[in-house]
Amino acid sequence: MRLWSLHPRYLDGAGLLGLWREALLAQKVLLGETIGYRSHPQLIRFKNTEDPVLYIGTYLYYVYLEGVSRGYRFQKEKIIRYSPALKIPVKKGQLEYEFRHLLRKLEKRSPGKYLEIKDEEVIEPHPLFYIIDGGIEDWEKVKF
């Protein structure tokens with residue numbers, strides 16, 4: 001499961017569809033509707049909020065908006081609840097790490113998208129997040 005801290009606009013079609021499915025799964029986990037993934041580290045930042053289902057719903061809402069803007073037919077009614085007013089901090093180092101991670105994936109899977117975003121100087125977070133100083137988040141499983 002990868003719940004990107006990056007803005008969904010950076011994802012290729014396969015990545016965006018995967019994110020939609022994985023965030024819906026995360027919502028089920030946070031609702032207690034599934035046994036698996038309950039201890040997944042990607043869920044920590046949502047579990048640490050006062051209302052994890054509201055925050056994952058807000059995360060999903062922005063993925064939904066990106067999907068609709070690209071012509072996908074994501075079903076908004078699958079989102080339990082959301083509030084565009086919500087924000088969660090994300091460390092700058094986490095965003096940079098995820099961007100490098102995504103570039104490695106895109107270079108192989110979607111060269112056009114890779115070329116489109118590879119020279120980004122300012123990495124935009126997913127709209128649920130705001131950037132704070134710091135390195136990679138403690139919950140991240142660093143692969144490179």
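Modeller: One caution to begin with. This is a predicted model.

Biologist: What makes Phe-46 and Tyr-59 an aromatic pair, and why is the pair called edge-to-face?

Modeller: Ring centres must lie within 6.5 Å. Those of Phe-46 and Tyr-59 are 5.7 Å apart. Planes over 60 degrees apart count as edge-to-face.

Biologist: What does the pair of Phe-46 and Tyr-59 tie together?

Modeller: Phe-46 belongs to helix 2, residues 44–47, and Tyr-59 to helix 3, residues 52–69. The pair therefore ties together parts that are 13 residues apart in sequence.

Biologist: How do you know whether Phe-46 is buried or exposed?

Modeller: Buried means under 20% relative accessible area. Phe-46 has 0%, so Phe-46 is buried. Tyr-59 also counts as buried, because its relative accessibility is 0%.

Biologist: Why is the pair of Tyr-61 and Tyr-64 called stacked?

Modeller: Stacked needs planes under 30 degrees apart. Tyr-61 and Tyr-64 show 25°, with 6.5 Å centre to centre. Both lie in helix 3, 3 residues apart, about one turn of the helix. In general, an α-helix has 3.6 residues a turn, so residues three or four places apart point the same way. Tyr-61 and Tyr-64 also belong to one aromatic cluster with Tyr-62 and Tyr-82.

Biologist: What makes Arg-2 count as lying over the face of Trp-4?

Modeller: The distance limit is 6 Å from the ring centre. Arg-2 is at 5.2 Å, over the face of Trp-4.

Biologist: What makes up the largest nonpolar core?

Modeller: The core has 40 residues. Leu-3, Phe-46 and Tyr-59 are among those with the most contacts inside it. Helix 3 gives the largest share, 10 residues. Leu-3 itself touches Phe-46 and Tyr-59, and its other contacts include Leu-19, Leu-43 and Ile-56.

Biologist: How do you know how the reach of helix 4 compares with the expected span?

Modeller: Helix 4 has 18 residues. At 1.5 Å a residue, 26 Å is expected. From its first C-alpha to its last, helix 4 reaches 26 Å, close to that value.

Biologist: What do the buried residues of helix 4 pack against?

Modeller: They pack against helix 2, strand 1, helix 5 and strand 2. Among these buried residues are Tyr-97, Phe-99 and Leu-102.

Key:
Residues numbered from 1 in each chain as written. Predicted model: local features only at pLDDT ≥ 70, side-chain atom pairs only at ≥ 80, totals over all residues. Heavy atoms only, no water. Phe/Tyr/Trp six-rings, centres within 6.5 Å; stacked < 30°, edge-to-face > 60°. Helix = DSSP H or I, 4+ residues; strand = E, 2+ residues; numbered from the N terminus. Buried < 20%, exposed > 50% of the residue type's maximum accessible area, 1.4 Å probe, protein only. Lys NZ or Arg CZ within 6 Å of the ring centre and 35° of its normal. Core = buried A, V, L, I, M, F, W, Y, C linked by side-chain atoms within 4.5 Å. Contact = heavy atoms within 4.5 Å. Expected span 1.5 Å × (residues − 1).
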